[in-house]
Amino acid sequence: MRPRTDVLVLGCSAGGLRALHILLAGLDTRLALPVVAVCHTGSDDVSLLCELLNRSSTLPVHEAMERTTPQAGHVYIAPSGYHLLLGGDGRFALSVDPRVGFARPSIDVLFESAADAHGPRCAGLVMTGANSDGALGLARIRAHGGLGLVQDPAEAEVSVMPAAALAQAGADHCLPLAQLAPLLNRLFAPE
Amino acid sequence: MARPDVEEVEVELFVRALKLRHGYDFGEYARASLRRRVNALVQSLGTETISELTARVLRDDTLLPRIIAGLSVPVSEMFRDPPVFRKLRDEVLPLLASYPRINIWQAGCAFGQEVYSLAILLHEAGLYDRSQIYATDFSDAAIARAQEGIFPAREARLYSENYLAAGGRHSLADYYHARYELITIDDALKRNVTFANHNLVCDGVFCEAHLILCRNVLIYFTDPLQNHVLELFRDSLVRSGFLCLGTRENISFARAARDFRALDARLRIFQLEQSRP
């Protein structure tokens, strides 16, 4: 029996904005956990991104603020120029440490911190993107007994990132974009 | 209660060893980032595990500067977050201009990019000659780098863009000499800068400052240490002195935050509110 999941961490890069729109539009408003995302969009202004996503998302989307605790049923986006981490107390932490794989925020940094903080009570989702960020992080999540989810590379807008995640970490579920929200709604339904 | 994993225990033992053997206290550093930095040291020093790193740091004192440098990982750029420097230029410096002498404390100066950004702002405001910048860090290696003021030439373009976006009046190239792959900050900008070792964790009031810059340093600290350092800043500032933090820092959980009011909440520029006791 799998333990309850505390948090879903998510990473996307090229093609990510469109994928996020579709994913977030399909989520159940009673989703029983917070969704924390690193999205490489090249935009300096995450508040604008949040505003855009809020138009289609069923759940409220915010920029993650350091030292606050993510709440179930909310979506948080990493601020640009900072790594976003989850601390042992489950709260957000930021860092300006060097880029990891040319990226800051880095999906790996978020995922690895989530794996360390939440162990098996963590789920990671890697979606469309043109680099291999997230692959190591997803492997760490799965090594700690957490759940690994990957968008099917065959239908991802850019397949490199989900393919790298699959190769490096494998996955418990690998599904096309349209089927991800229904899966999350089922996996993380309210008690 | 879940059993902590091995690495979590190893990080605690490493922190304990640094404190007991070398007197450096990382006990109140936020663990998520600290763990990454310790693991980066494991990589760069080529040990198998954190435990092996701990054994080496206990026995080999010559390793300490590299450990300290690795745990401070300073990353910045000149005029990072241009709107902040524009605000300092347009609103803070004109207020500081009323003082006959201006003391500025850059706490956590890293490699000095922000120190020299500040020096340029002061120069262009005609205030440099009566200003004193105290630039401190707890890493001697970082201070040595900051003192040199040498940066990779490939960064110059970003620095220049930031400088202009921050309202720079000339060309950033007026302030450095380019040679080969490096740019060197002009000595004239170093004249009124004093570099010194200061550890925010354990050292006390350093000077009486009109402005303190400490950007993206407190993000690495736990709540109690963040509050402690804010108190230190409060006690170091003159009445109505200014504090400039990183633009994504959150001090709302700190008691000492009550002593400051926001001059610009979004840019995290604060002003000391209460009068000094």
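Tutor: Arg268(B) lies in the loop between strand E9 (260-264) and strand E10 (269-272) of chain B; helices (H or I, at least four residues) and strands (E, at least two) are DSSP runs, numbered from the N terminus. This is a predicted model, in which local features need pLDDT of at least 70 and side-chain atom pairs count only at pLDDT 80 or more, while totals for chains, interfaces and linings use all residues; side-chain values use heavy atoms, with hydrogens and water left out. Residues are numbered from 1 along each chain as its sequence is written, and chains are lettered from A and ligands numbered from 1 in the order in which they are written.

Arg268(B) counts as buried because its relative accessibility is 16%; buried means under 20% relative accessible area, exposed over 50%, and partly exposed in between (1.4 Å probe, protein chains only). Although Arg268(B) is a residue other than glycine, its phi is positive, near 60 degrees.

Elsewhere in chain B, Asp81(B) is not a glycine and has a positive phi of about 60 degrees. Asp81(B) is found in the loop between helix H4 (64-72) and helix H5 (82-96).

Ala110(B) belongs to the loop between strand E1 (102-107) and helix H6 (113-124) of chain B, and it is buried because its relative accessibility is 12%.

As for confidence, chain B has a mean pLDDT of 95, with 97% of its residues at 70 or more; pLDDT is the predictor's confidence in each residue, from 0 to 100.
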